[in-house]
Amino acid sequence: MDVFQLNIKSGDNSLFWYDKWLGPVTLEEKYPSLFELESRKKCLVSDRFIDNQFEAHWKTNVIDYTEIRCINNLKNDLSRVHLEPGEDQWACALDNGSQFTVSLLRKKLEHLQYPNRVLPTFKWSKVTPIKVNCFIWRAMQRKIPSAVALKCKGVDIENDNCGACVNRLECSDHILVQYPFACEVRKIIFNWCGLQQAEFSSVGELIIFAENWGSNPRKAIRFLNICHGLIWNLWKLRNERVFNGVFHTPIYGAGAIKSMVYFWTKYRGNEGIGDWDNWTASPFTL
Ligand SMILES: [Zn+2]
């Protein structure tokens with residue numbers, strides 16, 4: 001992928017054979033047999049034009065038929081070149097010459113890696129800490145270090161089964177959504193929010209549901225924060241289980257989520273949240 005493209009003006013500071021100044025490949029790559037014939041390989045673009053006409057300097061006389069055909073093709077490529085006063089300049093080639101930004105480059109790289117994938121929408125929450133937003137964004141793309149993901153990356157681990165279930169792979173959707181413990185915790189949290197328990201098969205599904213839930217904007221953002229807290233705490237609890245051998249009950253897990261989101265909202269949000277007792281009764285009373 002070319003991040004920058006060379007816009008030729010006078011041709012005084014670009015190399016005829018080595019720079020990509022005429023299309024996506026260098027002339028060296030496009031015409032290797034002619035490049036071999038070139039007498040001065042580091043010549044400038046302007047060195048090969050006289051009065052805007054191509055002027056070759058070959059080492060030997062060209063007699064080979066295929067070379068003559070190549071020369072005609074090259075001349076044809078060069079016929080649209082018009083040199084003019086001014087300095088040759090590099091411009092960002094990512095999006096029709098728009099200004100270079102890191103996010104533009106990231107989008108292009110993502111597109112190259114997964115040309116057919118539509119990335120999930122993601123509503124960034126200011127109340128949720130940055131590391132949690134990032135974690136959820138990654139989890140939606142199944143890019144968190146689950147056993148399955150690590151094994152995929154070539155990390156030497158014994159097996160990629162879930163340590164708490166029989167014959168289930170430990171992928172991100174399993175840990176955070178499908179795992180019976182995750183379902184139980186989600187049920188408690190959804191009940192607390194006054195919602196019917198809904199079925200989800202992936203983190204993406206759950207987060208998209210949360211992002212589109214509710215018509216009251218204040219309630220909607222609070223529910224989204226709660227779902228962020230749900231996913232984040234399930235990950236923390238999984239790590240405690242896997243690395244420290246600590247098992248907690250779903251009620252403990254739900255309690256951890258309620259208190260974490262309470263403190264996020266109280267100290268990171270700009271709306272009042274009321275007292276703890278009201279919060280534990282329902283997250284939407286205030
Ligand atoms: Zn499991």
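1. Start with what covers the buried residues of helix 5: the cover includes helix 7 (172-178), helix 9 (203-212) and helix 10 (217-244). Helices here are DSSP runs of H or I with at least four residues, strands are runs of E with at least two, and both are numbered from the N terminus. "Buried" means 20 or more other C-beta atoms within 10 Å of a residue's own, "exposed" means 12 or fewer, and "partly exposed" is in between, with C-beta atoms placed from the backbone.

2. A word on where this comes from. This is a predicted model, where local features need pLDDT of at least 70 and side-chain atom pairs count only at pLDDT 80 or more, while totals for chains, interfaces and linings use all residues. Residue numbers run from 1 along each chain as its sequence is written.

3. Now look along helix 5 (residues 130-140). Its buried residues are Val132, Phe135, Ile136, Ala139 and Met140. An α-helix has 3.6 residues a turn, so residues three or four places apart point the same way. The face turned away from the buried side carries the exposed Ile130, Lys131 and Cys134. Just after helix 5, arginine 142 has a positive phi of about 60°.

4. How do helix 5 and helix 9 pack? Their axes are 8 Å apart, at an angle of about 125°; axes are lines fitted to C-alpha atoms over the stretch in contact, and angles run from 0 to 180 degrees between N-to-C directions. The two helices are therefore oblique to each other (under 35 degrees is roughly parallel, over 145 roughly antiparallel, 65 to 115 roughly perpendicular, and the rest oblique). Ile136, Ala139 and Met140 of helix 5 meet Val203, Gly204 and Ile207 of helix 9, where contact means C-beta atoms, placed from the backbone, within 7 Å.

5. Helix 8 (residues 180-192) and helix 10 have axes that come within 11 Å and cross at roughly 155°. That pair is therefore roughly antiparallel. Ala182, Val185, Arg186 and Ile189 of helix 8 touch Ile226, Leu230 and Leu234 of helix 10.

6. Two asparagines are worth a look. Asparagine 52, in the loop between strand 2 (49-50) and strand 3 (53-54), has a positive phi of about 60° without being a glycine. Asparagine 167, in the loop between helix 6 (147-152) and helix 7, has a positive phi near 55°. Asparagine 167 is exposed, with 6 other C-beta atoms within 10 Å.

Notes: Two residues are in contact if their C-beta atoms, placed from the backbone, lie within 7 Å.
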